[in-house]
Amino acid sequence: MTRWLPMSVTLMAILLVFAAWHLGFGAVNISPPELWQTLVHGQPDYEFILYGYRMPRLFIAALVGAALALSGLLVQGVVRNPLASPDILGVTGGASLAVVGFSIAWTGASVVWVPFVALAGGFASLGCLLWLARPVLNQPASLALVGVALSALFAAAIDFLLTMYPLEINSSLIWLTGSVWGRNWSHLPLIAPWLAVLIPVATFLAYRLDLLDLGDEAATSLGTRVGWLRLLALLTAVALASASVSVCGAISFVGLVAPHMARFLVGYRHLPLIPVCLLLGAILMVSADLFARILMPPIELPAGIVTAFIGAPYFVFLITRYKHW
Amino acid sequence: MTLALPVRQTLSPLWRIGALLPVLLVAFGLALTSYSQFDLRLRDVVTLVLAFDPDNLKHQVIASLRLPRALAATFVGAALAVAGLVMQGMTRNPLASPSVFGVSSGAALAFAVSATGLIAWVAALPLLLVTFCGAGLAGVLVFFLGGLHRTPIHPVRVILAGVALNFLFLSMTRGAVILADENAYGVFHWLTGSLGNVTFDDVRLVVPWTVLGLAGALWLGQPLNLLRLGEERMQNLGGGLRQVRWLGSLVVVLLVAAAVSVAGPIGFVGLMVPHIARALIGSDYRLLVLACALLGAILLLVADTLARGLRFPNDSPVGILTTLLGAGFFLFLARRKILEAMA
Amino acid sequence: MLRVLSLFLVLMLYGASLAEVRVAGELGDVVLPAPPQRVVALEFSFVDALATLGVSPVGVADDGDAARVIDPIRAKLDEWTSLGSRSQPSLEVIASLNPDLIIADVERHAAVYEDLQRIAPTLILKSRGETYEDNLNAVMKVAQAFGQEEAMAERIAQHNAIMDAYAAQVNSNATVQFAVSSEKGVWLHGPRAYAGGVIARLGLNSPIPEETEQAYIQITLERLVQANPDYFLVGEYGDQTAVDTYKQNPLWSVITAVKNDHYVETDPRLWSLNRGMISAEIMAGELVEMLGTSTAAQ
């Protein structure tokens, strides 16, 4: 409990370091003094690169990472499953599939609808998962297995659609791997309000999720309405994940890895976990986008590929460490 | 061997395997003739077999385009199916298969690194060696990370490890293609298996290794039957567990490497076919190897024919069909597996 | 200082009375207060148009390789800075060049149109998958941005005369097909593609007139044999590509083009990447040569 504040400050500092790195480096490198000049004194040389290009990407990467991490934390808290996360359970896959199907069926449709389509897809896939896995909801590994199979099916359907009805390449890359290329300030309203509303909701749920950790009976005897709590937390998690998908596509493994790192740092209580988890998600995503840009400039990799590099080995590590088979 | 089954019981399944042969023949015939702008008929195949006329355009199309494609489909399908069967036998896990465990995508990654010339010295090596190493590396990783080296094996653990590795290899392949090709459109063509441009050279590459792999799998039939009873029972009965696992892994990697070298990562054939085969002829692995080879060939021939019709007269990669079908099957199996575990 | 001076010169030349230029792009109008001096092109077809106008772009999305622009066009231009790949050009590099006009492709760059507009006035036109006629319209739009419609109209008239002369020389209704070949397959450029348009402009026919949906069609040898072009041109990306495996097949020699020795390996940069009038005239010249009529028109 006492550790969360210094830990958050430290993580904030790390995030700022990555943010400065993200702003300063890329196909065009900006030296620290020039960076300072542009940021503080409004020198116009790098105005677009900073304010028009890197900063919106920085903010979007940070917010998407934070949203995915919080989503993962809530999912893991509700299903009490360390192997769960919106992407492993197929929620991001379902949301992506819904958006791909939507953009193929209505080619001229406004992007305003995308978050709602993603949300509908996310909820639908959560519904599918809960229905298919209803006998094993309390068995972490089995639930993860059904989720993994479900996301494989969604991925196959996306592959199929993209082969049959080729989209323009940038959209395709977003739906195949998740990417921050071409995202700008206009995409910020697709994610920021969701976080603004749902972080307080998550904070409200935090104490109750702690009670849930004691077991359903104990939680009920302490006055928690377990069913409603689970539902509300899952809906919040799906909304966060779907909002991320509507901006950057299916970014993998951030929602899985960040909550684990957070628990390692500050323990198991949800209230301190929330800020730490948000910051870790943001750091993961910002660094992924940074490395995606500076690896081989001016050619860029999709950020989702980089998060897979970090996340997939970590997931394997988790599996080897997991004891409750 | 103590577990050799009585003749009466084996006869009937053998009969059923025999019954698959005409089905294979029909599927092969369909693959040779259907969905063509040349209006090919089975009649043309018959006249071709009776008297090949090099000046007959239809004969030429069938003999030089459809035949290598159908042969490649036959052997790639057989290779993937038998690889899946051996994996399921060795791990005693009904969800094991080259695509779920990431062995196929490991081979595909090696293939992409070699073919795009991203690493020069890799590009200089023979293709089959490169894919063999890729599949082997993926196999070794999933073997240890999934906990296959310890007994008892936990079935879900190895699946989750395999899925994560599979995803990692897919991402690495996409990254390699984007960096090397300077053409992001490439990501589509490298990760869906296709038989559209196979030649007799490809057939010559895949056939010997598949036959070798099948022979190895047949030899493994009896040990796998023992293993079905459990690792301990097997060792008590004098079976060499370590030996089986080494040979089995070699067979799997060989079959997958050969298939991926020719057709790319065609997904989920190795997952689906062994289950269909078991439903058909029971659980004797010696017979299952034969049945899987036949059924895998049939499945891929039919899928390739359907893929060709998807956007006729333009071709579609067969991988998108098998992956879609197979992922649904994966979901069904995963659910059934955990329901069984509950009961 | 030099920029200010040149700007001043331009103002002097055109006079204060010159109204701002307004050009209708595919996604909206672009307003230019003065003829642009520092132009970046995000597709090769715009480089051709700029070369026709005698304007050197300061930056080109050339996939990291300036040699992707054909020599006759490159010879007319100064060196430029690479902007990375055409599908995902680096907006950072574009901004660092301080352009005053960006010419972008509506298919590839619609997603970043807003961002490009923040850097500089952006003219977004058809390029990838454009037809021959689309290209002439786009070229005219590019000329408008520089206030050179009349000069360009003249150049287009000249181009039409050249193409008419080639067409008269060809005077054939044979079927001609162009394809690109890479390691992963062969793509025919159908009647909707630019190369198909140039072929049609010379009065030649397409062997696949029914393919009106897509510009580029991935094929197998079977489809090629069925299409059976009288003349077949292939641009290869790489040493060993899919078309080389076709050549091993007995059916390869069945194709009319191969039978009559009318199979030609050509430059994929010219035929596929560098769409524009300069390229079209060279392509037409190659076609005339291939079809056996001697000497090119003026």
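**Entry 1. Chain A against chain B**

I looked up the buried area first: chain A and chain B bury about 4,100 Å² between them, with 84% of it on carbon and sulfur atoms. Buried area here is the accessible area (1.4 Å probe) that two parts lose on being put together, summed over both.

I note that this is a predicted model, in which local features need pLDDT of at least 70, side-chain atom pairs count only at pLDDT 80 or more, and totals for chains, interfaces and linings use all residues. Residues are numbered from 1 along each chain as its sequence is written, chains are lettered from A and ligands numbered from 1 in the order in which they are written, and side-chain values use heavy atoms, with hydrogens and water left out.

Next I looked up who takes part. Chain A gives 47 residues to the contact and chain B gives 41. Contact means heavy atoms within 4.5 Å.

I then looked up the polar side of this interface. The rule finds zero salt bridges across chain A and chain B. A salt bridge is a side-chain nitrogen of Lys or Arg within 4 Å of a carboxyl oxygen of Asp or Glu. I found one residue pair in polar contact between chain A and chain B, both residues at pLDDT 80 or more. A polar contact is a pair of N or O atoms within 3.5 Å; within protein, one must be able to donate a hydrogen and the other to accept it, and residues adjacent in sequence count only if both atoms are side-chain atoms.

Which elements of chain A supply at least two residues each to the side that touches chain B? I listed helix 5 (114-132), helix 6 (140-164), helix 7 (169-177) and helix 13 (303-321). Helices (H or I, at least four residues) and strands (E, at least two) are DSSP runs, numbered from the N terminus. Helix 6 of chain A brings the largest share of that side, 17 residues. By class, the side of chain A that touches chain B has 37 nonpolar, seven polar and three charged residues. Ala, Val, Leu, Ile, Met, Phe, Trp, Tyr, Cys and Pro count as nonpolar, Asp, Glu, Lys and Arg as charged, and the others, Gly among them, as polar.

**Entry 2. Chain C against chain B**

I repeated the search for chain C. Chain C and chain B bury about 2,200 Å² between them, 52% of it on carbon and sulfur atoms. The contact takes 27 residues from chain C and 24 from chain B.

I found one salt bridge across this interface. Arg66(B) and Glu222(C) form a salt bridge with their side chains, at 2.6 Å, N to O. I also noted six residue pairs in polar contact between chain C and chain B, both residues at pLDDT 80 or more. Helix 10 of chain C gives the most to the side that touches chain B, with five residues. That side of chain C has 10 nonpolar, eight polar and nine charged residues.

**Entry 3. Salt bridges within chains**

I looked up the total: the structure holds 25 salt bridges over all chains.

In chain B I picked Asp201(B) and Arg204(B), whose side chains meet at 2.9 Å, N to O. Both lie in helix 9 (residues 200-227) of chain B, three residues apart, about one turn of the helix. Are they buried or exposed? Asp201(B) is partly exposed at 48% relative accessibility, and Arg204(B) is exposed at 56%. Buried means under 20% relative accessible area, exposed over 50%, partly exposed in between (1.4 Å probe, protein chains only).

In chain C I followed Glu43(C). Glu43(C) is buried, at 0% relative accessible area. Its side chain meets that of Arg86(C) in a salt bridge at 3.5 Å, N to O. Glu43(C) and Arg86(C) sit in two loops of chain C, so the pair ties together parts that are 43 residues apart in sequence. Arg86(C) is buried too, at 9%.

Glu43(C) also forms a salt bridge with Arg108(C), at 3.0 Å, N to O. Arg108(C) lies in helix 5 of chain C, so this pair ties together parts that are 65 residues apart in sequence. Arg108(C) is buried, at 8%. Shared partners join Glu43(C), Arg86(C), Arg108(C), Glu130(C) and Arg275(C) into one network of salt bridges.

**Entry 4. Helix 14 of chain C**

I ended with helix 14 (residues 277-290) of chain C. Of its 14 residues, 11 are buried. Among them are Met277(C), Ile278(C) and Leu287(C). Just after the helix, Gly292(C) takes a positive phi of about 95 degrees.

Terms used. Expected span 1.5 Å × (residues − 1).
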